[in-house]
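Student: I have a sequence and a model to look at. Can we go through them step by step?

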Amino acid sequence: MSRRAFAVAALSAFTMMPPASAAPKRDGGGDGKGGGRAASGMRGVWLATVANRDWPSKPGLSATRQRAELITHLDRAVRDGLNTVIFQVRPTADALWPSPYEPWSQYLTGTQGKDPGWDPLGTAVEEAHARGLKLHAWFNPYRVAGHADPARLAADHPARRNPDWVVTYGGKLYYNPGLPEVRGFVQEAMLDAVAKYPVDGVHFDDYFYPYPVAGQTFDDDTAYDEYGAGFPDRAAWRRDNIDKLVRETADRIKQVRPGTPFGISPFGVWRNAATDSRGSDTRAGVQTYDDLHADTRKWVRESWIDYIVPQLYWNIGFAAADYAKLVPWWAEVARGTSTRLYVGEALYKAGDPAQPAAWQDPAELSRHLTLAGRHAQVRGHVFFAAKDVAADRIGAMARVVADHYGQSAPPR
């Protein structure tokens, strides 16, 4: 399930998963204890700012209040034995730092382009480091807006100055990944933050080409006509566009801030085995290779990225996409590469009454860590997301901490 929706309700709509045909199996760790490798490595949390998902709690708060809420999230991470915060600093072609390329985010003040009176990214880096946490800067490359009206963007927004860069799709605005000038611009905009701040990582989420919307077409005909020659079809050209973004970003990070890891957190299914024999034993309605034109398996096998965090947002035994089958599949993909494998965990599902019975059990996530700990390639976990860490509705996070995070782990 994609976690990067503009509203929490939209998250479930993106999965397009068939319903489970059987009750979840309870293999994978009994009571969840005995996490083994979970005691070391990545212990991360995503801190989402899009639509004020996690922070700030609402737009328009004072700088003092915003800062206090941010500090509370960092303190909670420390309290739970986490070591890394992945902070969303460019949610919609905007910025949570003073950027010369893009406007201030509307999620700070309620008005895109309005100076909030402080520097959230700079503060987050400083305060995270003061607490022994690592801070990864999380960027969304191509999303422009959660609406389809360019006139609602800040007057000097690059998307308004360059309307030919923008595609309207599914009621939202996106930059066109098929335009070389767009690819160059989004890299400049993102790397401005990497150059200015001692971030401990650079992070992309799961949005490349947008998730499919039934009955709609992503209109990149003009770009394909100009740049698509030599490719067998449009899908291959689109995948090459995203490959270029990933390779070029990785190379430029090495130039701008050497030694800074670059990671990506894709939707958890590359391809189903029924589509491709190399794929996972799943029946997912979304496949990143085919639908988002993101060849996530290739990025790992070619060691283009330093780490990958597939969003394995399903319970053990879920028929369409079983956590217990996806973890070993990803472990095998990472085997023999220099790409570190972390697992994205759906803390937000724990205790949600709309979710299957497995998610009403506080031990479900602890079992995930136990199961993953049997695979040497799994180097840690990242939890979605900070608001859910704070709320911990049914004590699932507390159970993870008790069962697996009894000893401190150095940031990774």
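Tutor: Start with a term. A residue is buried when its relative accessible area is under 20%. Keep in mind that this is a predicted model.

Student: How many residues of strand β11 are buried?

Tutor: Strand β11 covers residues 378-384 and has 7 residues. The strand is mostly covered. The number buried is 6.

Student: In which sense do β1 and β11 pair, parallel or antiparallel?

Tutor: 5 bridges link β1 and β11. In this pairing, Met42 stands opposite Gly380 in β11. The sense is parallel.

Student: Which residue in β11 stands opposite Glu345?

Tutor: Look at strand β10, residues 340-345. β10 runs parallel to β11, and 4 bridges join them. Opposite Glu345 stands Phe383.

Student: What is the handedness of the unit made by β10, α12 and β11?

Tutor: Follow the path from strand to helix to strand. Together they make a β-α-β unit that is right-handed.

Student: Why does Leu371 count as buried?

Tutor: The cut-off for buried is under 20% relative accessible area. Leu371 is buried because its relative accessible area is 5%.

Student: How far apart in space are Leu371 and Val327, C-alpha to C-alpha?

Tutor: Along the sequence, 44 residues separate Leu371 and Val327. In space, the C-alpha to C-alpha distance is 8.2 Å.

Student: Where is Ala385, the residue joined to Phe384 by a cis peptide bond?

Tutor: Most peptide bonds are trans. The bond between Phe384 and Ala385 is cis, with omega about 0 degrees. Ala385 is found in the loop between β11 and α13.

Student: What is omega for the cis bond between Trp55 and Pro56?

Tutor: Pro56 sits in the loop between β1 and α2. A cis peptide bond joins Trp55 to Pro56. Its omega is about -20 degrees.

Student: Is the phi of Asn52 positive or negative, and what is its value?

Tutor: Most residues other than glycine have a negative phi. Asn52 is in the loop between β1 and α2, and is buried, with a relative accessible area of 13%. Its phi is positive, at about 55 degrees.

Student: What is the relative accessible area of Ala93?

Tutor: Ala93 lies in the loop between β2 and α3. Its phi is positive, near 50 degrees. Ala93 is buried, and its relative accessible area is 0%.

Student: What is the volume of the largest cavity?

Tutor: Rolling a probe the size of a water molecule over the atoms shows where empty space is left. A search of the whole structure finds 3 cavities of 30 Å³ or more. The largest has a volume of about 60 Å³.

Student: Which element gives the most to the lining of the largest cavity?

Tutor: β1, α2 and α13 each supply at least two residues of that lining. Among the lining residues are Val45, His73, Arg76 and Ala390. The top contributor, with 4 residues, is α2.

Student: How many nonpolar residues are in the lining of the largest cavity?

Tutor: Sort the lining by class. There is 1 polar residue and 1 charged residue.

How values were computed: Residues are numbered from 1 along each chain as its sequence is written. This is a predicted model: local features need pLDDT of at least 70, side-chain atom pairs count only at pLDDT 80 or more; totals for chains, interfaces and linings use all residues. Side-chain values use heavy atoms; hydrogens and water are left out. On a 1 Å grid over the protein atoms alone, a cavity is a set of points where a 1.4 Å probe fits but cannot get out, and a pocket is an open set with protein on both sides within 12 Å along at least five of seven lines; lining residues have an atom within 4 Å of a point. Grid points are joined across faces, edges and corners, and a volume is the space filled by probe spheres set on the points. Ala, Val, Leu, Ile, Met, Phe, Trp, Tyr, Cys and Pro count as nonpolar, Asp, Glu, Lys and Arg as charged, and the others, Gly among them, as polar. Buried means under 20% relative accessible area, exposed over 50%, partly exposed in between (1.4 Å probe, protein chains only). Two strands pair if DSSP finds at least two bridges between them. A crossover is right-handed if, with the strands pointing away from the viewer, the path from the first strand over the helix to the second runs clockwise.
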